Amino acid sequence: MRAHIITLPGDGIGPEIIAEAIRVLQVIAKKFNHQFEFEEHLIGGCAIDATGAPLSDETINACRQSDAVLLGAVGGPKWDRGDVRPEQGLLKLRKDLGLFANLRPVKPHPALTHASLLKPEKLAGVDVLVVRELTGGLYFGKPQGRFDENSHARAVDTLEYSDVEITRVVDLACRLAATRRARVTSVDKANVLATSKLWREIATQIARAHPQVQLDHLLVDTCAMRLVAAPASFDVIVTENMFGDILTDEAAVLVGSMGLLPSASLGDSKVGVYEPIHGSAPDIAGKSIANPVGTILSAAMLLRHSLALPREAQAIERAVDQTLSAGCRTADIARDGERALSTRAMAEEIIARI
Ligand code: NAD
């Protein structure tokens with residue numbers, strides 16, 4: 001297969017980890033006889049420096065015409081005070097490409113339970129996929145802003161969801177669950193919010209079209225508790241934008257390091273955006289110590305979801321699994337006294353096992 005992949009390394013450790021993910025994809029291409037072309041563009045702070053904007057129309061167009069987008073991370077202290085923010089580039093990318101669902105698989109590795117805040121027995125069997133609605137809800141509500149009145153400050157955010165927005169993300173969650181343990185937990189606040197009542201009603205309807213999938217509903221506060229008290233009880237969690245934002249970060253804590261987790265943002269077209277869940281880590285940028293695993297696993301998700309190459313995706317996931325089982329560690333997951341590998345050396349270990 002031929003595939004055209006746009007890379008957006010971004011800021012901080014972004015370029016270091018994207019370089020390793022590209023090397024892994026090149027090895028996969030060679031081994032499985034594919035041709036992957038890579039084209040690099042700017043996003044975030046480096047794009048602000050070069051063009052004044054965090055994401056140019058040229059970059060968006062290149063992404064639209066590609067088969068998939070692999071992204072590093074954006075942001076850093078240099079751009080914290082400006083009016084134009086690197087993160088605006090990410091929001092624009094998701095909105096313009098219609099990426100309505102963010103997928104975050106969370107599966108702690110048995111050899112790394114020491115790195116998690118949870119007791120090892122709580123982590124046994126944990127394999128959760130959180131599907132977060134990404135382009136609706138509170139973060140995109142109108143009106144939004146600050147409206148000063150009669151010498152009092154007032155700020156407004158509005159939460160709105162349509163049946164169409166709920167349908168497409170719950171349907172995706174059900175289809176993904178059918179390839180796993182066939183259980184979907186839909187998370188809402190239906191005892192209080194009108195949008196959540198609609199969410200629950202639509203989720204129930206959609207699940208009827210997937211009879212092989214079992215659907216449960218859970219209030220977001222209960223879900224937050226159960227995610228740390230009994231994380232192995234979940235298969236697929238589907239929820240709205242802000243609840244998903246919070247729950248996905250909570251779920252990430254189970255694994256022990258931000259550097260390990262991948263994500264995929266998907267929409268109606270095949271162009272998805274694949275990125276590790278962490279930020280640009282300015283504290284370790286340029287030191288060649290960043291963990292490349294989250295980005296390399298994001299590349300595996302790219303192969304599975306945008307290029308329909310599940311065998312190739314599994315080859316990467318298996319190699320990462322074996323590398324961690326063999327005791328290879330970057331600094332973020334090494335115990336006291338354990339030798340920490342550089343970003344490149346960790347990627348080399350994974351490549352050797354592919
Ligand atoms: P961060 O995720 O960048 O870093 C949090 C901590 O995790 C740091 O100690 C960092 O060193 C560590 N870490 C992160 N990734 C790592 C990796 N691959 N290997 C080893 N250690 C890793 O979060 P932050 O410090 O709050 O944010 C830094 C910048 O990133 C900010 O400008 C923020 O706005 C931005 N950010 C961007 C994204 C994104 O691009 N999607 C997401 C979150 C934060």
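Residues are numbered from 1 along each chain as its sequence is written, and side-chain values use heavy atoms, with hydrogens and water left out. In this predicted model, local features need pLDDT of at least 70 and side-chain atom pairs count only at pLDDT 80 or more, while totals for chains, interfaces and linings use all residues.

**Helices α1 and α11**

Let's start with α1 (residues 14-32) and α11, whose axes come within 11 Å and cross at roughly 130°. Helices (H or I, at least four residues) and strands (E, at least two) are DSSP runs, numbered from the N terminus. Axes are lines fitted to C-alpha atoms, for helices over the stretch in contact, and angles run from 0 to 180 degrees between N-to-C directions. The two helices are therefore oblique to each other; angles under 35 degrees count as roughly parallel, over 145 as roughly antiparallel, 65 to 115 as roughly perpendicular and the rest as oblique. On the α1 side the contact is made by Val24, Ile28 and Phe32, and on the α11 side by Arg311, Glu312, Ala315 and Ile316. Contact here means heavy atoms within 4.5 Å.

**Leu309**

The loop between α10 (293-305) and α11 (310-325) holds Leu309. Leu309 is buried, at a relative accessible area of 9%; buried means under 20%, exposed over 50% and partly exposed in between (1.4 Å probe, protein chains only). Not counting residues up to four places away in sequence, Leu309 touches Met1, His34, Phe36, Leu303 and Arg304. From Leu309 to Phe32 the C-alpha distance is 9.9 Å, although 277 residues separate them in sequence.

**Salt bridges**

Searching the whole structure gives 24 salt bridges, each a side-chain nitrogen of Lys or Arg within 4 Å of a carboxyl oxygen of Asp or Glu. Three of them are tabulated here.

| Pair | N to O distance |
|---|---|
| Glu37 and Arg2 | 3.3 Å |
| Asp67 and Lys270 | 2.6 Å |
| Arg85 and Glu87 | 3.4 Å |

Glu37 sits in strand β2 (residues 35-40) and Arg2 in strand β1 (residues 2-10), so their pair ties together parts that are 35 residues apart in sequence. Glu37 is partly exposed at 37% relative accessibility, whereas Arg2 is exposed at 58%. Arg85 is partly exposed at 28%, and Glu87 is partly exposed at 31%. Finally, a network of salt bridges links Glu20, Arg23, Arg344 and Glu348.
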